[in-house]
Every structure is written in structure tokens, then in C-alpha cells.
Amino acid sequence: MQATRSTMRSAGLVFLAAAALLLLLNGNRFVLTNDEGILLEPARQMAAGARPYVDFFGYMSPGSYWLQAALFRVLGISLWAARIPVIFGLSLQCALLFWLTARLASSRAALAAVLVFFGFQIADPSFLTAQHRWDSSTLALAGLCLAVAFVEEQCPWALVASGGLLAMAAWCTPSVALAGIAQAVWLVAARERRKLLIPFTAGVLAVTAAAVGWLAWTGTLPAFLHQMLWLQRNYGEVNVMPYGSVIGGYRRLLADAAGLERFLRFIFVACLALPAALPPLAALLWGFLFWRKKAPPESKTAIQLLLLATAAMVASAFPRADLFHLGFAAALPYALAAAALAQLLSLRAGAIVAFTAIPLATLFALNDVTGSWSARAVSSPVGIIRVAPDLKPDVQELLAAIHPGQTLFVYPYSPILYFITQAKNPTRFSYLAPGMMTRQEEAEALAQLQSQPPQWLLYLPLGREEFLRVFPHATGLSGHFEALETWLTQNYKPVEQPAVNLGGYRLWQRAEITRPDALTLRLR
């Protein structure tokens with residue numbers, strides 16, 4: 001079904017409604033997560049003039065750094081500003097999901113798909129935090145939708161914009177370049193589309209040239225290339241997660257349950273697994289429709305592109321293709337599955353599916369709604385933040401102890417704690433992950449700590465069992481930097497009155513008399 005002005009208006013309303021709800025529920029809600037600070041803390045430093053890869057250890061490609069740092073420069077450093085890309089990204093994904101499904105099927109199917117998608121996507125508040133994959137998945141989806149909308153009209157400028165958006169997505173998450181490759185293959189596959197490869201490539205090259213030029217202008221290009229090689233060497237081994245896996249395993253979710261409880265847990269797990277189940281389901285359903293010649297003739301080329309792009313977006317999650325990472329690429333499978341079911345099922349059967357899935361999605365969404373409702377306001381250096389009631393006392397004690405500009409080292413993860421305290425990290429590393437980072441990074445961090453010992457330490461003693469729960473394929477890797485941890489425990493002591501503990505991170509203070517050590521010599 002061709003998109004109409006009414007469909008576009010409805011998609012706009014979907015965007016506004018989703019954005020308003022997300023702003024209300026998650027705009028300044030603090031979530032203790034490992035990943036958010038990996039983006040926010042470097043972006044904060046860039047807003048103050050620091051250069052990625054040169055002045056600090058840049059974990060990822062620069063696209064999301066640039067975006068977040070620009071927002072901080074314009075709007076100031078706050079959790080509200082940090083969440084703008086997330087709110088915009090998920091809201092735009094909802095709008096584009098509605099538009100795509102309405103184009104391929106009907107507005108009723110589109111509305112049902114959006115309600116289910118939004119409900120399941122907001123269920124976990126840690127999923128609604130700043131992440132480079134939000135930026136890349138949203139940009140890629142927007143680029144693909146431009147191609148779907150305008151390729152039949154042979155509009156070259158739309159393909160320029162499509163290529164540019166997909167290139168931006170790759171600069172946020174390099175593996176998402178697979179979606180751009182998928183679109184290029186689709187353009188080449190049909191004679192009537194091949195000439196559009198030129199404007200598409202022009203868009204890709206324009207964005208890439210601008211990004212490379214900026215890196216060269218700021219003197220960060222060699223360091224960026226070195227960091228990308230480092231990621232290729234070090235990321236994969238520790239971060240391997242099988243397709244559709246969940247941290248801790250499915251068995252843990254179903255353990256010690258019987259009868260009705262086991263049945264309810266099974267439904268919970270089935271809903272949880274949708275990001276992994278929907279891509280193959282969508283492919284099977286549309287394969288059946290093509291085989292039975294029931295696919296809408298006017299939408300065949302668009303469906304072919306979207307199926308290729310879905311496979312590419314799923315592949316971009318590897319090597320850590322767990323449910324969490326697949327969730328960022330879920331909008332396309334939702335649209336394709338919903339449109340296929342609308343073609344296959346009768347109106348009554350479709351209504352049964354919709355009115356089964358929507359209440360389940362609503363129940364999942366209530367986890368975020370009730371958590372947001374119970375959150376308590378706390379004044380912080382990044383504005384008023386809302387925290388869970390059980391975290392509020394420790395957050396307040398932490399912010400009372402550590403003042404902006406004081407020195408702090410957080411180990412091994414959770415750089416979000418630098419952000420909310422606005423403390424200064426004396427090392428180049430916003431986090432230091434054993435198993436992925438090497439003894440070279442350990443030695444560099446230790447030397448910087450010894451040169452400028454921070455006043456405060458937030459330290460999580462990481463047990464082997466917990467390390468393997470998060471990184472189950474890292475059995476041959478160590479979860480500790482022994483020399484660094486020895487220096488920390490020798491030179492710092494836990495704060496006792498009051499003891500502050502956030503998610504296992506205990507607040508320590510520098511001991512009055514530090515012990516001399518020769519650990520640096522051992523590392524060299």
C-alpha cells in the first residue's frame with residue numbers, strides 16, 4: 001500500500017507520542033549500567049576540548065562521540081542532554097516502523113506493530129540509555145526508508161541522502177556498514193536501479209570524506225586507525241555471545257519453576273526472545289508469500305531490500321549477538337513480520353494475534369513505568385536525576401563525598417559514575433576491562449595512577465563466576481589485572497562512615513600513608 005499524507009501524519013503523531021512518553025519516563029532517570037558512561041564520559045571530555053584517541057582512550061568509532069559532544073556544547077552537561085539521542089532514536093524508529101508497516105500492509109497492522117514494539121523496547125530501563133548502537137540503528141533505518149520511499153520515483157537526491165545516512169550509521173558502529181552494502185547489492189541487482197548506485201555512492205563518499213577530513217584536521221586520524229586495529233584484535237575474543245543468547249542463560253530463567261509458574265515464565269522468555277525470533281520468522285513468512293505469489297506486486301522490490309537489510313543488521317550485532325544487542329536492530333523485523341502476518345491472516349485471526357501481543361507488551365512496559373514512577377529526585381552536578389529508591393541513599397552519599405573536579409578512579413567498569421559526579425579521572429581510560437584490554441593498557445593506567453594518585457576510588461572486586469556470566473566465552477582469559485588491583489588495595493581503604501556501595505562499587509579513599517611499591521618495574 002502506497003504511503004499517503006494521512007499515513008505520514010499518523011507517523012508524525014507516533015513520533016511525538018513516543019518522544020513525550022520517553023521524555024517523561026526516562027529523560028533524567030539514572031540507571032546504573034556499564035555501557036552508558038563509555039559514551040558520555042568521553043563526550044564530556046570532548047565538549048571541554050579533548051581529542052578522541054589522543055587525549056583519552058576512545059573505545060569506539062567517533063560518530064556517536066561527535067553527536068553527543070555537540071549536544072553537550074550546545075545544551076550543557078546534563079543527563080537530559082545525554083538522553084536526547086536515545087529519545088529521538090527510539091521515537092523515530094517507532095514512526096518509521098509505523099510508516100513501513102502501513103506501506104506494506106495497513107494502518108491497523110502498523111498501529112498494532114508499533115504498540116507491541118514500543119512496549120517491549122522500553123521494558124528494560126538499562127536499554128534506554130546512551131549507546132552508539134541507538135544512533136547507528138536509527139540512522140540506518142532512516143536511510144533504508146528513504147530508499148524504499150523514493151527509488152520507484154528514481155529520485156537521485158533521495159539516494160544521496162540515503163547513502164549519507166547509512167555512512168553516518170557506519171561511523172557510529174562500523175559493522176552497520178553491512179546495511180549499506182546490502183542496499184548497494186540491491187541497487188545493482190536490477191537493471192532499472194543500477195544508475196541510482198551513483199548518487200547512493202556519492203552520499204556515502206561525501207560523509208566519509210567529511211569524517212576522515214575532520215579526523216585529519218584535528219590530528220586524530222592515525223590514532224583512530226590504530227584504535228580500530230586494536231578493537232579488531234581485542235574485542236571479539238572476550239565478547240562472543242551466540243545468536244539470541246541472554247546473559248546468565250535461558251536455563252536460569254526457567255529454573256525452579258513448575259506448573260503454572262513455569263508456563264508463565266515460558267511466555268516471559270518467548271517475549272524476551274522476540275529480537276532473535278522475528279528476523280527468521282519474517283524471512284520465512286515472506287518466503288512463503290513469494291512462493292505462493294501472494295506478496296503485493298507493488299511492494300516486492302521494497303520487501304527484497306528490507307529482507308536483505310534485516311540480515312545485514314542482524315549480522316552487524318556479531319560477535320555479541322545476544323538479545324540486548326539484537327534489540328537495537330528490531331524495528332525492521334517487527335515491520336516485516338507484522339506486514340507478512342497481515343497478508344496471511346484473516347481479519348479475525350490478525351485481531352487475535354494483536355490483542356494477545358499488545359497486552360503482553362503492555363505488561364513488559366509497566367516495568368519501566370512503575371520504576372519511573374517510584375524513582376526519587378536527587379540533585380547532582382548533571383542536573384536533577386531520578387534514581388531508584390534503594391539507590392538514593394548511596395547516590396546521595398556518593399555525591400556528598402565526591403565533588404566536581406576532584407580526582408576519582410572507577411574500576412573495572414561503570415564510567416557513568418565519572419559522569420554523574422563530574423570527577424576527574426587521572427588516567428586515559430574511562431574503563432579498564434580485564435579480558436579485553438591488555439597488560440599494556442594496565443601498565444599505562446597504573447603509571448598514570450602512580451604519577452597522580454586520585455583522592456577517591458570506586459572499586460568492584462570482580463569474581464570469576466560473575467566475569468564468566470557476562471563473558472561466557474572468555475574461559476581462557478583472566479578477569480583481573482593483578483598488579484593494578486594490588487596497588488589499589490595497598491594505597492586505598494574503604495570509606496566506613498558511611499559506607500557507600502553502588503551496584504557493588506564500594507567507595508574507597510586514598511590512605512594517608514601510602515606504601516612504596518615496585519609494581520611498575522614488574523610490568524615493564
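**Questions on a predicted model**

Me: Which element gives the most to the lining of the second largest cavity?
Reply: In this predicted model, the second largest cavity has about 60 Å³ of space. Both α6 and α14 (300–316) supply at least two residues of its lining. The most, three residues, comes from α6.

Me: How many charged residues are in the lining of the second largest cavity?
Reply: Among the lining residues are Arg-133, Ser-136, Ser-137 and His-325. By class, the lining of the second largest cavity has five nonpolar and four polar residues, and the number of charged ones is one.

Me: Which element supplies the largest share of the lining of the largest cavity?
Reply: The largest cavity has a volume of about 70 Å³, and a search of the whole structure finds four cavities of 30 Å³ or more. Its lining includes Gln-93, Leu-141, Leu-144 and Leu-332, and at least two lining residues each come from α16 and α6 (132–150). The largest share, three residues, belongs to α6.

Me: How many nonpolar residues line the largest cavity?
Reply: Ala-329, Ala-330 and Ala-331 are among the residues of this lining. The classes are no charged residues, two polar ones and, for the nonpolar class, eight.

Me: Which element gives the largest share of the lining of the second largest pocket?
Reply: The second largest pocket holds about 810 Å³ of space. It is lined by 32 residues, and those closest to its centre are Ala-112, Leu-341, Gly-350, Val-353 and Ala-354. Elements giving two or more residues are α5 (107–121), α12 (259–272), α13 (274–291), α16 (331–344) and α17 (347–374). The largest share, 10 residues, comes from α17.

Me: How many residues are in the second, separate core?
Reply: In the largest core, Tyr-334 is one of the residues that touch the most other members. Leaving aside neighbours within four places in sequence, its contacts include Leu-97, Phe-117, Phe-120 and Leu-278. The second core is separate and includes Ala-43, Tyr-59, Val-382 and Leu-449; its residues number 80.

Me: What radius of gyration does the protein have?
Reply: The C-alpha atoms fill a box of roughly 80 × 60 × 45 Å along the principal axes. A compact globule with 524 residues would have a radius of gyration near 24 Å, and the protein agrees with this, at 24 Å.

Me: What percentage of the residues in the protein is buried?
Reply: The protein has 23 helices and seven strands. Of its contacts with a separation of 6 or more, 72% are between residues 24 or more positions apart. Of the 524 residues, the buried part is 53%.

Me: Is Tyr-53 buried or exposed?
Reply: Tyr-53 lies in the loop between α2 and α3 (63–75). Although not a glycine, Tyr-53 has a positive phi of about 70 degrees. Its relative accessibility is 7%, and a residue under 20% counts as buried, so Tyr-53 is buried.

Me: Is Lys-293 buried or exposed?
Reply: Lys-293 sits in the loop between α13 and α14, and its phi is positive, near 60 degrees. Most residues other than glycine have a negative phi. The relative accessible area of Lys-293 is 72%, and over 50% counts as exposed, so Lys-293 is exposed.

Me: Which residues does Gln-45 touch, not counting residues up to four places away in sequence?
Reply: Gln-45 lies in helix α2 (residues 36–47) and is partly exposed, with a relative accessible area of 23%. Its C-alpha atom is separated by 42 Å from that of Ala-110, 65 residues apart along the chain. The residues that Gln-45 touches are Ala-50 and Phe-56.

Me: Which residue does a cis peptide bond join to Phe-318?
Reply: Most peptide bonds are trans. The bond from Gln-497 to Pro-498 is cis, with omega near -5 degrees, and Pro-498 lies in the loop between β5 (492–494) and β6 (501–502). Another cis bond, with omega about 10 degrees, joins Phe-318 to a residue in the loop between α14 and α15 (323–326). That residue is Pro-319.

Technical notes: Residues numbered from 1 in each chain as written. Predicted model: local features only at pLDDT ≥ 70, side-chain atom pairs only at ≥ 80, totals over all residues. Heavy atoms only, no water. 1 Å grid on protein atoms, 1.4 Å probe; cavity = no way out; pocket = protein on both sides within 12 Å on 5 of 7 lines; lining within 4 Å. Points joined across faces, edges and corners; volume = space filled by probe spheres on them. Helix = DSSP H or I, 4+ residues; strand = E, 2+ residues; numbered from the N terminus. Core = buried A, V, L, I, M, F, W, Y, C linked by side-chain atoms within 4.5 Å. Buried < 20%, exposed > 50% of the residue type's maximum accessible area, 1.4 Å probe, protein only. Contact = heavy atoms within 4.5 Å. Rg over C-alpha atoms; globule rule 2.2 N^0.38 Å. Nonpolar A, V, L, I, M, F, W, Y, C, P; charged D, E, K, R; others polar.
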